[in-house]
Amino acid sequence: MTLIRRTILPILLAAAWITVSEFLRNTFLLHDYWMAHYRELGLNFPESTLNGVVWGGWSLCFAIVIYFVSGKFSLLHTTLLSWFAGFVLMWVVTGNLGVLPFGILPVAIPLSLLEAFVASVIIKKSSGPAK
């Protein structure tokens, strides 16, 4: 029971937050920007159910990373290290592939920092005093 309460539940709660945050940001705030950018590239923006499932998997993986990082670092360091691992590296890769619309970054950077911070708080608070 302790494993579920101190490990699995915090990871699932953080993954749920990350999934909701990603969905709201990319579906409501940035959707038109993504669509226009992909159209300019001559590509279709990937919006299939399978893409949503993969992003759900990414959210779970990101939450797992945050969980393990949180056991070794303060809230601030957990947030920044997790954000760097989850977002900055993703932007480097998508930028290198030429599919990152750099114009989203003024919105995406602060919101992704908030996302990483809230997920870190969720994990730190729900995994108990040992974290």
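So, look at helix α2, residues 31–40: Asp32, Arg39 and Glu40 are exposed on one side of it. Keep in mind that this is a predicted model. Now, which residues of α2 are buried? They're Trp34, His37 and Tyr38. And if you look down the axis of α2, those buried residues fall within an arc of 95 degrees, so they line one face of the helix. Asp32, Arg39 and Glu40 sit on the other side. What covers the buried residues? Part of the cover is α1, residues 2–29. Then, after α2, you come to Gly42, and its phi is positive, near 75 degrees.

Okay, on to the aromatic rings. How many aromatic pairs does the structure hold? There are 11. When we talk about a pair of rings, we give the distance of the centres and the angle of the planes.

Take Trp58 and Phe62. Their ring centres are 5.2 Å apart and their planes are at 20 degrees, so this pair is stacked; the cut-off for stacked is under 30 degrees. Both residues belong to helix α3, residues 49–70, and they're 4 residues apart, which is about one turn of the helix. Trp58 and Phe62 are also both buried.

Buried or exposed, what about Phe87? Phe87 has 1% relative accessibility, so it counts as buried. Trp91 has a relative accessible area of 13%, and the cut-off for buried is under 20%, so Trp91 is buried too.

And these pairs join up. Ring pairs link Trp55, Trp58, Phe62, Trp83, Phe87 and Trp91 into a cluster.

Last stop: Ser112, over in helix α5, residues 105–126. What does Ser112 touch, if we skip residues up to four places away in sequence? Arg25, Trp83, Phe87 and Trp91. Ser112 has a relative accessible area of 0%, so it's buried. And where does its side chain reach? The side chain of Ser112 gets to the backbone oxygen of Ile109, at 3.0 Å.

Terms used:
Residues numbered from 1 in each chain as written. Predicted model: local features only at pLDDT ≥ 70, side-chain atom pairs only at ≥ 80, totals over all residues. Heavy atoms only, no water. Helix = DSSP H or I, 4+ residues; strand = E, 2+ residues; numbered from the N terminus. Buried < 20%, exposed > 50% of the residue type's maximum accessible area, 1.4 Å probe, protein only. Polar contact = N/O pair within 3.5 Å; in protein donor to acceptor, adjacent residues only side chain to side chain. Contact = heavy atoms within 4.5 Å. Arc of directions from axis to C-beta. Phe/Tyr/Trp six-rings, centres within 6.5 Å; stacked < 30°, edge-to-face > 60°.
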